[in-house]
Amino acid sequence: MRDAKEPIPAAAVAFVRDGERGIEVYLSRRPDHFRYYPGAFVFPGGRADAEDLDLPMTASREVREEIGIQIDPGKLVPLRDINTAAHAGPVYHMLTFAYPVSTAFETRLNPDEVEEEVWAPAAEALNRFDLPYQVRAAVYTISQFEAVADLLRGLAGGSINEDYWI
């Protein structure tokens, strides 16, 4: 049983692809009735279930549940590994993965989880969308690279977890 003060394990997936204006990120908007971050744009993801063997499995399951995409857990690359802030709700140990997309990306949105979806250049997403801190920090990190291959090389040594100042 998890101690009430321990962060809750969770995972999210930052889908990335090369676009004409730099790396693009996939974001989905949370429904307005959600308790935490209503209407915010986020990466698909969520808390670990007891059946999940590890956080890549959590990420894969959450992506499937939210946007109907089956992903290869072997292509998940750790992007950010942080604990979320206590003032925003429960504290999560959030591992956000980057996942390169180079083929068709056809989603089947779960209307209970997602209001809308969008692909946007990472640098533009920072100014255009309401992004919770942990998503903003990840999108900022992604925006510092010119292409997906550069991002993946940058992550080869591990996730990038430095603080991001808004």
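**Helix H3 and its cover**

Guide: This is a predicted model. The cover over the buried residues of H3 includes E1, E2, E3, strand E5 (77-83), H2 and H4.

Visitor: Why is H3 called largely enclosed by the rest of the structure?

Guide: Eight of its eleven residues are buried, so H3 is largely enclosed. Buried means under 20% relative accessible area. The buried residues of H3 are Gln 134, Val 135, Arg 136, Ala 137, Ala 138, Val 139, Thr 141 and Ile 142.

Visitor: What does Ile 142 touch, leaving out residues up to four places away in sequence?

Guide: Ile 142 touches Ala 14, Val 16, Ile 23, Val 25, Leu 79, Ala 122 and Leu 151. Contact here requires heavy atoms within 4.5 Å.

**Nonpolar cores**

Visitor: Which residues touch the most other members of the largest nonpolar core?

Guide: Leu 27, Val 139 and Ile 142 do, in a core of 30 residues. At least two residues each come from E1, strand E2 (22-29), strand E3 (41-42), E6, strand E7 (116-121), helix H2 (122-128), H3 and helix H4 (148-154). E1 gives the largest share, five residues. There is also a second, separate core of 18 residues, and Tyr 26, Leu 55, Val 63 and Ile 69 are among them.

**Salt bridges**

Visitor: How many salt bridges does a search of the whole structure find?

Guide: The search finds nine.

Visitor: What makes Glu 115 and Arg 29 a salt bridge?

Guide: Their side chains meet at 3.9 Å, N to O. The cut-off is 4 Å, so the pair qualifies. Glu 115 lies in the loop between E6 and E7, and Arg 29 in strand E2, so the bridge ties together parts that are 86 residues apart in sequence.

Visitor: Are these two partners buried or exposed?

Guide: Arg 29 has a relative accessible area of 17%, so it counts as buried. Glu 115 stands at 41%, so it counts as partly exposed.

Visitor: What makes Arg 61 and Asp 52 a salt bridge?

Guide: Their side chains meet at 2.8 Å, N to O. That is within 4 Å, so the label applies. Arg 61 has 9% relative accessibility, so it is buried. Asp 52 is at 12%, so it is buried as well.

Visitor: What separates Glu 65 and Arg 61 along helix H1?

Guide: They are four residues apart, so about one helical turn separates them. An α-helix has 3.6 residues a turn, so residues three or four places apart point the same way. The side chains of Glu 65 and Arg 61 meet in a salt bridge at 3.1 Å, N to O. Glu 65 has a relative accessible area of 36%, so it is partly exposed. Salt bridges with shared partners join Asp 49, Asp 52, Arg 61, Glu 62 and Glu 65 into one network.

Visitor: Why is His 93 called partly exposed?

Guide: His 93 has 27% relative accessibility, so it falls between the 20% and 50% limits. This residue lies in strand E6. Beyond four places in sequence, His 93 touches Pro 7, Ile 8, Pro 9, Ala 10, Leu 55, Asp 81, Ile 82 and Asn 83.

Visitor: What volume does the largest pocket have, and which residues are closest to its centre?

Guide: The volume is about 570 Å³. Of its 24 lining residues, Arg 30, Gly 45, Gly 46, Tyr 92 and Met 94 are closest to the centre. Strand E1 (8-19), strand E4 (45-47), helix H1 (55-67), strand E6 (92-100) and helix H3 (133-143) each supply at least two lining residues. The lining divides into 14 nonpolar, five polar and five charged residues.

Visitor: How much space lies in the second largest pocket?

Guide: About 180 Å³. Its lining includes Phe 15, Ile 69, Lys 75, Tyr 99 and Phe 105. Eight lining residues are nonpolar, three polar and one charged.

Notes:
Residues are numbered from 1 along each chain as its sequence is written. This is a predicted model: local features need pLDDT of at least 70, side-chain atom pairs count only at pLDDT 80 or more; totals for chains, interfaces and linings use all residues. Side-chain values use heavy atoms; hydrogens and water are left out. On a 1 Å grid over the protein atoms alone, a cavity is a set of points where a 1.4 Å probe fits but cannot get out, and a pocket is an open set with protein on both sides within 12 Å along at least five of seven lines; lining residues have an atom within 4 Å of a point. Grid points are joined across faces, edges and corners, and a volume is the space filled by probe spheres set on the points. Ala, Val, Leu, Ile, Met, Phe, Trp, Tyr, Cys and Pro count as nonpolar, Asp, Glu, Lys and Arg as charged, and the others, Gly among them, as polar. A nonpolar core is a set of buried Ala, Val, Leu, Ile, Met, Phe, Trp, Tyr and Cys residues joined through side-chain atoms within 4.5 Å. Buried means under 20% relative accessible area, exposed over 50%, partly exposed in between (1.4 Å probe, protein chains only).
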